[in-house]
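Work through the exercises below with the coordinates open. Try each task before reading its solution.

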Amino acid sequence: MSVPERPFSHDKSHEFGGKGLLERLRDGVVVGDGGYIMALERRGFVDVETWMTEAVLEHPEAVKQLHREFLLAGSDVLQACTYSATDDKLVLKKDLMSRHFSMIGVNCLSDPVMTIDTMRLMKEALDAEGLRPLLMTQPNGFFSTGTDRYGYRSCPEYPLALESGTVSRFDVYKYARAAYDLGVRYIGGCCGFQPYHIRAIGEELAKERGKLPPSSAKHKPWGEGVRHSASDFISARVYLEHWKNLVPPTGQPGPPSQHFEVLCREKVLHLKLLSFISKTNYTEVKLVISYSVIASAV
Ligand SMILES: [Zn+2]
């Protein structure tokens, strides 16, 4: 995460300055949008049996509102809500076969960490072939590191209980920085990426883009928001490192969860941690966890 040296004005124009998307991508960063279908399911407009977007016809105001929220969060591009409505796989295959594609990307199934790892491998392969397409990443807003090729769909929580694995805005700061440094210029999100996640992309890349997202007018980036909390123990969290190093929470007070970074990536160990932490103190937990790691490695 990088904190801009100077304040930026909030972006009020959403113009591409008459430029097309590809031209705009060659000039700088384009911030994408997030996941529509999961957000609409949670709001009661889509069923998980079909994932059909009949909401576009039945509740156009709900779809429009979500588009508006992504726009305020700083999205440069708003995608048509057409999930399950087109055979996009066919189009992608055709594009790849012709090798005349302008942009290539990683979308859905994995979390920001896995998506960046995948894009890094793809870029190596493209470089080796002398190909230089524009790069795009749209990860999910749920942690799924360590899952198989079905990504988050292989998590037992998919699709109805994924909330506890939601990435934070600070995870998205890290993702946006890693994507940018890798050369990705279309940076957005897929399932589980909500407007505030998109805003985090715009905030992290404020320096590169010369502006902040419109809804940053109501949000102090980089943890500043807690500075004037009425409670001392909350305002004490104002320093960036606190937020930067957090990992998925244990839901328990006491020692910060970042001490268990290694473990929280492992679902089983994370569950063990949850049960132990409620019964024992920090030192004991650390000891138990060490044994768990050794046991799982054997
Ligand atoms: Zn998705």
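## Exercise 1: Burial in helix 6

Task. Find which residues of helix 6 are buried, and say what covers them.

Solution. The model is predicted. The buried residues in helix 6 are Pro112, Met114, Thr115, Ile116 and Met119. Their cover includes strand 2 (103-107), strand 3 (134-138) and helix 7.

Next, check the helix length. Helix 6 has 17 residues, and at 1.5 Å a residue it should span 24 Å. The C-alpha atoms at its ends are 24 Å apart, which agrees. After helix 6 comes Gly130, with a positive phi near 70°.

## Exercise 2: Helix 6 against helix 7

Task. Describe how helix 6 and helix 7 pack, then classify the contact residues.

Solution. Two numbers are needed: the angle between the axes and the distance between them.

- Step 1. Helix 6 (residues 112-128) and helix 7 (residues 169-182) pack at about 5°, and their axes are 10 Å apart.
- Step 2. Angles under 35 degrees count as roughly parallel. Therefore helix 6 is roughly parallel to helix 7.
- Step 3. Helix 6 makes the contact with Pro112, Ile116, Met119, Arg120 and Lys123. Helix 7 contributes Asp171, Val172, Tyr175, Ala178, Ala179 and Leu182.
- Step 4. Sort the residues of this contact: eight are nonpolar, three are charged and none is polar.

## Exercise 3: The largest nonpolar core

Solution. Start with the whole protein. It has 14 helices and four strands. Of its 298 residues, 32% are buried.

The largest nonpolar core has 43 residues. Those with the most contacts inside this core are Leu40, Val172, Ala176, Ala179, Val184, Ile187 and Ile201. Elements giving two or more residues to the core are strand 1 (30-31), helix 2 (37-42), helix 4 (60-72), helix 6, strand 3, helix 7, strand 4 (186-187) and helix 8 (195-204). Helix 7 gives the largest share, six residues.

Setting aside neighbours within four places in sequence, Leu40 is in contact with Phe45, Val46, Ala55, Ala62 and Leu66. Ile201 lies in helix 8. With residues up to four places away left out, Ile201 touches Val31, Val172, Ala176 and Ile187. Ile201 and Ala176 are 25 residues apart in sequence, yet their C-alpha atoms are 5.4 Å apart.

Is Ile201 buried or exposed? A residue counts as buried at 20 or more other C-beta atoms within 10 Å. Ile201 has 31, so it is buried.

## Exercise 4: Backbone exceptions

Solution. First, the background: most residues other than glycine have a negative phi, and most peptide bonds are trans.

- Step 1. Pro159 is in the loop between strand 3 and helix 7.
- Step 2. Cys108 lies in the loop between strand 2 and helix 6. With 18 other C-beta atoms within 10 Å, Cys108 is partly exposed.
- Step 3. Trp222 is buried, because 20 other C-beta atoms lie within 10 Å.

Technical notes
Residues are numbered from 1 along each chain as its sequence is written. This is a predicted model: local features need pLDDT of at least 70, side-chain atom pairs count only at pLDDT 80 or more; totals for chains, interfaces and linings use all residues. Axes are lines fitted to C-alpha atoms, for helices over the stretch in contact, and angles run from 0 to 180 degrees between N-to-C directions. Angles under 35 degrees count as roughly parallel, over 145 as roughly antiparallel, 65 to 115 as roughly perpendicular and the rest as oblique. Two residues are in contact if their C-beta atoms, placed from the backbone, lie within 7 Å. Ala, Val, Leu, Ile, Met, Phe, Trp, Tyr, Cys and Pro count as nonpolar, Asp, Glu, Lys and Arg as charged, and the others, Gly among them, as polar. The expected span of a helix is 1.5 Å times one less than its number of residues. A residue is buried if 20 or more other C-beta atoms lie within 10 Å of its own, exposed if 12 or fewer, and partly exposed in between; C-beta atoms are placed from the backbone. A nonpolar core is a set of buried Ala, Val, Leu, Ile, Met, Phe, Trp, Tyr and Cys residues joined through C-beta atoms within 7 Å.
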